[in-house]
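My plan is to look things up one at a time and jot down what I find.

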Amino acid sequence: MVKNLFSSVISQKEANRGSVEFQVFSFTNKIRRLTSHLELHRKDYLSQRGLRKLWENVNACCLIGKEK
């Protein structure tokens, strides 16, 4: 149900992929997907690296937002 709600929000904002809502939704989905993958494949070091880099990007975006 929550997924359908987000899908409808994203479909409405399809043209505005730079919006804050879309970016948060996108980062959240990527983090959830990588986390569930790593629960099954604990030794997948490339996915671990990808999750760390994604998390660094999320933190960098949060820091940029706080400066404004």
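**Entry 1: helices.** I started with a term: helices (H or I, at least four residues) and strands (E, at least two) are DSSP runs, numbered from the N terminus. The expected span of a helix is 1.5 Å times one less than its number of residues. I noted that this is a predicted model, where local features need pLDDT of at least 70, side-chain atom pairs count only at pLDDT 80 or more, and totals for chains, interfaces and linings use all residues. Residues are numbered from 1 along each chain as its sequence is written, and side-chain values use heavy atoms, with hydrogens and water left out.

I then found three helices and zero strands in the protein chain, running α-α-α from the N terminus on. I checked H2: its 21 residues reach 31 Å from first C-alpha to last, close to the 30 Å expected at 1.5 Å a residue.

**Entry 2: what is buried.** I call a residue buried under 20% relative accessible area, exposed over 50% and partly exposed in between (1.4 Å probe, protein chains only). Of the 68 residues in the protein chain, 19% are buried. In H2, I found Phe-22, Phe-25, Ser-26, Phe-27, Ile-31, Leu-34 and Leu-38 buried.

**Entry 3: the core.** A nonpolar core is a set of buried Ala, Val, Leu, Ile, Met, Phe, Trp, Tyr and Cys residues joined through side-chain atoms within 4.5 Å. The largest one here has seven residues: Phe-27, Ile-31, Leu-34, Leu-38, Leu-51, Leu-54 and Val-58.

I looked at contacts next (heavy atoms within 4.5 Å). Leaving aside neighbours within four places in sequence, Phe-27 is in contact with Leu-54, Asn-57, Val-58 and Cys-61.

**Entry 4: a serine.** Is Ser-47 buried or exposed? Ser-47, which lies in helix H3, counts as buried because its relative accessibility is 14%. Not counting residues up to four places away in sequence, Ser-47 touches Leu-34, His-37 and Leu-38.

**Entry 5: the pocket.** A pocket, on a 1 Å grid over the protein atoms alone, is an open set of points where a 1.4 Å probe fits, with protein on both sides within 12 Å along at least five of seven lines; lining residues have an atom within 4 Å of a point. I listed Gly-18, Val-20, Gln-23, Val-24, Phe-27, Val-58, Cys-61 and Cys-62 as the lining of the largest pocket. H2 supplies the largest share of this lining, four residues.
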